Amino acid sequence: MKKESNLKRLLDYAGGYRYFTIASWILSALSALATLLPFVYIWKVMKEVLDVSPNYENVQNLSHNGWMAVIFAVAAILIYVAALMCSHLAAFRVQANIRRAAMHHIVTLPTGFMDGIGSGKIRKIVYESSGATETYLAHQLPDKANALTTPVGLFILLLVFDWRLGLLSLLPVAAAFIIMSVMTGKRMAKKMEEYNNALGQMSNEAVEYVRGISVVKTFGQSVFSFKRFKEAIDNYEKWVIAYTKDLRFPMMCYTTLVNGIFAVLIAAALVMTSGGVTKEFLLNLMYYIIITPIITLTLTKITYASENKLIVADAMSRIDSILDMKPLPETKNPKHPKDYSVEFSGVSFRYKGAERNALENISLTIRQGEHVAFVGPSGGGKTTLASIVVRFWDVSSGSVKIGGVDVKDISKKELMDTVSFVFQDSRLLKTSILENVRMAKPDASRGEILKALHDAQCDDILEKLPEGVDTVVGAKGVYLSGGEQQRISIARAMLKNAPVLILDEATAFADPDNEAKVQAAFNVLAKGKTVLMIAHRLSTITSADRIVVIKDGKIEDVGTHHQLKNKDGLYAEMWRQYNEAAKWKVGVSNA
């Protein structure tokens with residue numbers, strides 16, 4: 001099946017506004033023809049001046065021809081402005097519709113897809129790629145219609161007055177056009193893709209670097225500590241320098257040719273006037289020298305239009321890379337869990353492109369109301385195991401069940417209502433505390449939200465904010481610490497009141513004071529719920545009903561804190577190291 005052209009797809013995104021795009025092409029073409037008419041009247045002015053020379057008092061139509069040139073020049077500008085107004089109306093609508101379509105599709109994708117691509121790259125695809133279509137539709141397409149119409153009228157003008165000079169004017173143009181075709185062919189399309197890949201990778205790594213800047217400052221590391229970011233910058237630098245050198249010679253030839261038409265005309269004139277100069281030839285030569293810069297401008301517009309066509313093709317390809325991603329399959333016959341137990345049966349999972357499984361044949365049953373903690377070395381699969389409960393990803397093999405029902409057979413809405421997730425790095429939107437919490441339950445009353453904030457130990461946060469619960473986070477210098485943001489996130493979970501709760505390193509960014517309040521909030525939040533906790537601070541999970549030790553994607557051991565710490569194994573070693581670290585103090589020299 002033949003794939004639709006990018007232009008047709010863009011017009012489909014424009015909807016009813018596509019007619020503004022078509023109108024912009026027509027108006028721009030009319031503007032191009034109107035732009036050439038002043039040169040006809042300029043030729044008439046020059047002819048009349050040469051005819052009456054040196055008796056200039058005999059001129060009769062000089063003023064009329066001059067005003068006609070001005071009128072058509074102004075008309076051309078006004079028509080072109082009208083063309084741009086039409087093209088911008090359509091372009092802004094296309095840009096908005098592409099972003100809307102992309103974002104609507106993104107929310108249907110599994111949450112884990114964000115981690116796989118990177119937020120920086122997603123932002124670049126959604127905003128910069130859609131922005132590229134706006135530039136193309138609003139400016140480049142009208143300019144292209146203008147540039148393609150101009151040669152038609154120009155060709156007629158060039159041949160009408162002196163066909164020999166006209167043809168000579170076109171020789172450098174033909175050579176420049178051949179060079180331009182070589183520069184903007186398939187090779188350029190490949191280079192444009194490579195350029196955007198390098199730029200996208202650098203943008204993504206930059207976002208990740210900025211997020212980790214606090215670690216860099218804390219430990220006095222340099223940018224070279226972030227190897228991937230440094231490599232992305234070096235890769236972009238090498239590509240740009242190599243590409244620039246590659247285009248240096250053809251671009252130099254192209255620029256020389258399109259700007260040297262007048263030199264060809266002068267050289268030809270010297271040959272053609274070896275037997276003497278006539279007024280008619282001098283008039284036409286002067287006229288051609290004046291009008292040929294339009295050829296340069298026209299070719300430049302076509303060049304940029306061709307380049308932007310490649311940019312748009314690449315932009316649409318990147319948008320498609322998101323739109324082509326498939327959401328997790330939804331069951332047509334949803335089932336309802338009979339209780340809120342969680343069961344993993346022979347679960348294995350591998351991330352896309354990974355060489356080995358992140359989880360390997362995990363089997364575990366968590367009873368309703370039971371509090372279970374996952375511990376183990378970083379990268380062992382703890383977060384992955386918790387994430388598949390809410391279908392951030394689907395398992396590669398095996399099954400995950402809630403209340404005896406496979407999570408794939410539970411409707412998306414019911415699954416989201418059943419499970420709450422408190423992340424280690426909680427983020428708040430730039431809106432009021434009230435609305436940030438209300439996200440968990442859009443129909444919640446103000447009283448319900450205030451109670452959730454109180455239960456989440458947030459009273460001290462609200463007291464210090466200028467407008468209390470109505471304070472906008474991130475506005476007018478209002479920011480919250482990591483621990484305070486965590487408590488606001490817990491308030492969300494309390495308002496949602498889901499029966500299954502997942503806590504992923506929820507005290508990771510809390511200072512001692514915040515940690516105490518976060519723990520108090522957890523005690524209220526977790527009451528009567530099935531809880532899956534992921535923790536590095538072992539002191540926070542000693543009271544868990546069971547502790548599951550996970551290493552290299554496999555369950556190493558299961559038991560209570562008391563059972564595990566008193567037998568040889570990974571947990572006992574972790575507990576010993578944790579206590580040594582907790583007791584460690586910086587020595588003070590008396591020297």
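Axes here are lines fitted to C-alpha atoms, for helices over the stretch in contact, and angles run from 0 to 180 degrees between N-to-C directions. The model is predicted.

**Exercise 1. Helix 1 against helix 2**

Task: State how the axes of helix 1 and helix 2 cross, and classify the angle.

Solution:
1. The two axes come within 7 Å.
2. They cross at roughly 125°.
3. Angles of 65 to 115 degrees count as roughly perpendicular, and those over 145 as roughly antiparallel.
4. Helix 1 is therefore oblique to helix 2.
5. On the helix 1 side, L7, L11, D12 and A14 make the contact. On the helix 2 side, R18, T21 and W25 do.
6. Sorted by class, this contact of helix 1 with helix 2 holds 4 nonpolar, 1 polar and 2 charged residues.

**Exercise 2. Helix 1 against helix 3**

Task: Repeat the analysis for helix 1 (residues 6-14) and helix 3 (residues 62-106).

Solution:
1. The axes of helix 1 and helix 3 come within 8 Å.
2. The crossing angle is roughly 90°.
3. Helix 1 and helix 3 are therefore roughly perpendicular to each other.
4. Helix 1 contributes L10, Y13 and A14. Helix 3 answers with R93, V94, N97, I98 and A101.
5. The residues of this contact of helix 1 with helix 3 split into 6 nonpolar, 1 polar and 1 charged.

**Exercise 3. A surface patch**

Task: Which residues form a nonpolar patch with about 490 Å² of accessible area together?

Solution:
1. The patch consists of Y19, I22, I26, L30 and L33.
2. The patch is on the surface.
3. One of its residues, I26, lies in helix 2 (residues 18-52).

**Exercise 4. A salt bridge across the sequence**

Task: Locate the partners R546 and E370, and say what their pair ties together.

Solution:
1. Side chains of opposite charge can pair when their charged atoms come close.
2. The cut-off for a salt bridge is 4 Å. By this rule there are 15 salt bridges.
3. R546 and E370 meet through their side chains at 2.7 Å, N to O.
4. R546 lies in strand 9 (residues 546-551). E370 is in the loop between strand 2 (359-366) and strand 3 (371-375).
5. The pair therefore ties together parts that are 176 residues apart in sequence.

Note on methods
Residues numbered from 1 in each chain as written. Predicted model: local features only at pLDDT ≥ 70, side-chain atom pairs only at ≥ 80, totals over all residues. Heavy atoms only, no water. Patch = residues over 30% accessible without salt bridge, like charges linked within 9 Å, V, L, I, M, F, W, Y side chains within 5 Å. Areas by Shrake-Rupley, 256 points an atom, 1.4 Å probe, with all protein chains shown as cover. Helix = DSSP H or I, 4+ residues; strand = E, 2+ residues; numbered from the N terminus. Parallel < 35°, antiparallel > 145°, perpendicular 65-115°, else oblique. Contact = heavy atoms within 4.5 Å. Nonpolar A, V, L, I, M, F, W, Y, C, P; charged D, E, K, R; others polar.
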